[in-house]
Amino acid sequence: MTAHGSILELQVSPHLHTKVNVSSIMLHVVYSIVPVCLFGVYQFGWSALALIVTTTLSCLLTERVVCWAAGKPSTLGDCSALITGLLLALTLPPGLPLWMGAVGGVVSIALGKALFGGIGFNLFNPALVGRAFLQAAFPVAITTWTPAGAPQRFTSFVPSTFAWPFSRPASVDAWIAAAGVDGFTGATPLSLQKFSHIGTDIGDLFLGTTAGSIGETSALLILVCGIFLIWQGLMDWRIPTAVLGTAFITSLAFYVLNPGIYPSPAFMMFSGGLMLGAIFMATDMVGSPVTPLGVWIYGAVIGLVTVVIRLKGGLPDGVMYAILLGNALTPLIDQWTQPRIFGQRKKQHV
Amino acid sequence: MSEQAQSNPLVRRPVAENAAAETRKMILTLSSVAALSGMLIVGVYQYTLPYIEANREAMIEKAVFTVVPGGVQKRAYGFSDGAVIPDPASAGFGERFYAVYGEDRSFLGTALEASAQGYQDTIRILYGYSPEKACVVGMTVLESKETPGLGDKIDLDPVFKANFKALDAAFDSASGKLVHEVTVTGHGKKINPWEIDAISGATISSKAVGAMINRSLQTNLPRLLPHVDALKENTP
Amino acid sequence: MTATGMSESIWPVYTRGLWRENPVFVMQLGMCPTLAVSNSVINSLSMGLATLAVLVASSALVSLMRNVIPKQVRIATYIVIIATFVTVVDYALQAISLDIHKALGAFIQLIVVNCIILGRAEAFASKNSVVRAITDAAGMGLGFTFALICLGAVRELLGNGSLLGFDVFGPQFEPWAIMILPPGGFFVLGAWLLVFAWFKERSARTAARKEPSHAG
């Protein structure tokens, strides 16, 4: 009756079909994040696991609610909210109260993604939007660190984890004292360096046995996961290369000028969230430029701003703001670096 | 104007006369409005001035008597070429201080101003110094734009403020320096009486307060201490 | 008879600014003070009342002088009038409370360039009788104050755990510092605009639903 069974079927290109689609890409990214999460749980214990689960659930739930409110079909299946939730947790201190993690998840998805139009339209990396909100809203809780490898991490939660919603988290001093980690003062290697000029062993930084956010400590593991993503062709290798390269060169310049004040480039590379940011955050496909030259510029801006904030700014770490700034510059960079269309004349300056 | 004139040729008047009249009207209106507003402002200024001055005085008084506990009377002084002059007409910030006296007119100490760059903007404080105890005896923030919930604790956190109840500021007149510089230590690490325990998470703001007090003491004690006896005599 | 006729025509002039054409939530005017000083209820209230006073006084004077102000210099005249009342309010506020004056900072002086005031002078007061001009100014000023308090209440509640300085959540509350900071102003304003947009859409829908039933 209808024309469904017509003889000739016309199709537009592309004619080749592979299984690559949004959810399969996202699923591979999830595979690459999971080892980092597992290492974070191993280092920081049940509290870290609880926080990862909370932010993830919060992101998924917000995504569902937002889709329902907008009258759109659910986009839970594309796994992007899952990635946002996991990445958000990786940037948070392990003992952060779960309710704050949940707030961060809601902000990430609702403010960072849904308001811009959902997946593919977000200007900024959603997880970092959530992180930035939490940093501004709860400056004390988000800089309360617990030591890595505390002996009681699998027998008890950090006391601040289960704070009542809207209430002040309990003090973690007793818990840290019970951990009996020598010389731990509740500071990350970066803030130790910045405010007390105490260095940290580069080997510890590389392997990740230091205090810090759940997923930022092990440079080695993040690098391995990054190489997996590059091998799978799911990540533009230029971005981490540009970010880390610029950070290395900038910090080397500072270090050569005054080694007494400024930390070594190796310290710069392996401490704080630089590795995590360069590999998992800056490479967000939506928030980064599309042209090869643009990608180099974008990465260089992030690397430079990170080092400048760390060495000259008031904050110990500036990766988050550097990447958000890079995201904000992306449309401009893309416009500047548009390649000339074949046959088009060079633009004449009037 | 010209449009009207063109659209209605019957009421066309000589252009020059018309324009002159217009200009006169404009000037007249603007100047009468300006005169009116000038009178209004002067009237209000005259009427509110005593209230505003009373408010300012109350504000300073409150701050001064907070930083020098027990104070009920005060007198303003200014530093001037190695001397201190009472009731200075105009003294810049940091060039002025208050001598504070208690119930029985006894000299209790001085309240001095200090400022330094904080995390957001310049922080201005007033702190009390007792020559008798050789201690800083109190501190209050006059002006700060530090981060709410973090840096603004320099004025709100009772634990931090307790640092300034008896902060050792012994002065060695031989060398012209403090015996121990006022320093800021990490949170919970204060051991000596000349150390300030920083606020956890607001190290920069805490250090700014410590640094400005240290600098202010180093500059002002040499030019203040020789006149302490005069201050004791000159009760208000 | 005349009295009721009068009040009937005046009432919508008054309520327009309060709700239908609320300067902040509907017209989105005067955003600068709205975002900058609405970090607590008391600051919002002071700013709102200061603006209300300037708005009413300058509207009244502009309306009184509407027939003598030459049209070429009308904006200059309005600005002089507005600036005068802003200075008056500035002194009055200093006399009332220096603390509030300090909290509002430069935004008191900046009332001069608040576009609500010049907007009402140009669009309404210069074309209407004094009574109508004052009514309109009062409506707009109260609408502005209402909007500021809406923002201030949320920001103070979340950012400080208090309302008008009274502790609401008790000592265990963890304040959301961001709400007191400038970004909090944008977030809360965005949320309120969302609420108002939703209200408007819903009332438009119900109006649209009623329409055909009337016709039928």
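Hi everyone, let me start with a helix in chain A. Helix H10 of chain A covers residues 238-257, which makes 20 residues, and from its first C-alpha to its last it reaches 28 Å, close to the 28 Å expected at 1.5 Å a residue. Keep in mind throughout that this is a predicted model.

What does the buried part of H10(A) consist of? The buried residues are A:Ile239, A:Pro240, A:Ala242, A:Val243, A:Leu244, A:Thr246, A:Ala247, A:Thr250, A:Ser251 and A:Phe254. And which helices do these buried residues pack against? Their partners are helix H11 (265-270), helix H12 (274-281) and helix H13 (292-312), again of chain A. When you look at the spacing of that list, recall that an α-helix has 3.6 residues a turn, so residues three or four places apart point the same way.

A:Thr330 sits in helix H14 of chain A, residues 319-336. Is A:Thr330 buried or exposed? A:Thr330 counts as buried, because its relative accessibility is 5%, under the 20% cut-off. The side chain of A:Thr330 reaches the backbone oxygen of A:Gly287 at 2.6 Å. Beyond four places in sequence, A:Thr330 has contacts with A:Gly287, A:Ser288, A:Pro289 and A:Tyr298.

The second residue is A:Leu128, in helix H5 of chain A. A:Leu128 is buried too, at 3% relative accessibility. Leaving out neighbours within four places in sequence, A:Leu128 is in contact with A:Met281, A:Met320, A:Ile323 and A:Leu324.

Now for the aromatics. Over all chains, the count comes to 30 aromatic pairs. One of these pairs is A:Phe116 with A:Phe124: the ring centres are 6.5 Å apart and the planes stand at 65°, so the pair is edge-to-face. Both residues keep some accessible surface: A:Phe116 is partly exposed, with a relative accessible area of 33%, and A:Phe124 is partly exposed at 22%.

Another pair is A:Phe133 with C:Phe187. Why is this pair called tilted? The planes are at 55°, with the ring centres 5.5 Å apart, so the pair is tilted; edge-to-face would need an angle over 60 degrees. This pair crosses between chains, running from A:Phe133 in helix H5 (residues 126-137) of chain A to C:Phe187 in helix H9 (residues 182-215) of chain C. On the chain A side, A:Phe133 is buried, with a relative accessible area of 6%. On the chain C side, C:Phe187 is partly exposed, at 30%.

Both of those rings belong to a cluster. Ring pairs link A:Trp99, A:Phe133, A:Phe138 and A:Phe166 with C:Phe169, C:Phe173, C:Trp176 and C:Phe187.

That brings us to chain C as a whole. Chain C has 9 helices and 2 strands, and along the sequence the pattern reads α-α-α-α-α-α-α-β-β-α-α. The C-alpha trace of chain C spans about 60 × 60 × 35 Å along its principal axes. Of its 216 residues, 46% count as buried. Taking contacts in chain C between residues at least 6 apart in sequence, 74% join residues at least 24 apart.

How confident is the predictor here? Chain C averages a pLDDT of 87, and 94% of the residues score at least 70. Where in chain C is confidence lowest, and where highest? The lowest mean, 70, belongs to helix H1 (residues 2-20), and the highest, 94, to helix H3 (residues 41-64). Over residues 1-6 of chain C, pLDDT stays under 50, and the model has 1 contact beyond four places in sequence for that stretch. Where pLDDT is low, the predicted coordinates should not be read in detail. For the model overall, the scores are ipTM 0.80 and pTM 0.79.

Last stop, chain B. Here 7 strands form an open sheet, in the order E2-E1-E3-E4-E5-E6-E7, with antiparallel pairing. Strand E2 (83-86) and strand E7 (167-168) of chain B stand at the edges with a single partner strand each, so one side of each has no neighbour in the sheet. Strand E6 of chain B, residues 135-143, pairs with E7(B) in the antiparallel sense over 2 bridges. In E7(B), B:Asp168 is the bridge partner of B:Cys135.

Key
Residues numbered from 1 in each chain as written. Chains lettered and ligands numbered in written order. Predicted model: local features only at pLDDT ≥ 70, side-chain atom pairs only at ≥ 80, totals over all residues. Heavy atoms only, no water. pLDDT = per-residue confidence, 0-100. Helix = DSSP H or I, 4+ residues; strand = E, 2+ residues; numbered from the N terminus. Contact = heavy atoms within 4.5 Å. Buried < 20%, exposed > 50% of the residue type's maximum accessible area, 1.4 Å probe, protein only. Polar contact = N/O pair within 3.5 Å; in protein donor to acceptor, adjacent residues only side chain to side chain. Expected span 1.5 Å × (residues − 1). Pairing = 2+ DSSP bridges. Phe/Tyr/Trp six-rings, centres within 6.5 Å; stacked < 30°, edge-to-face > 60°.
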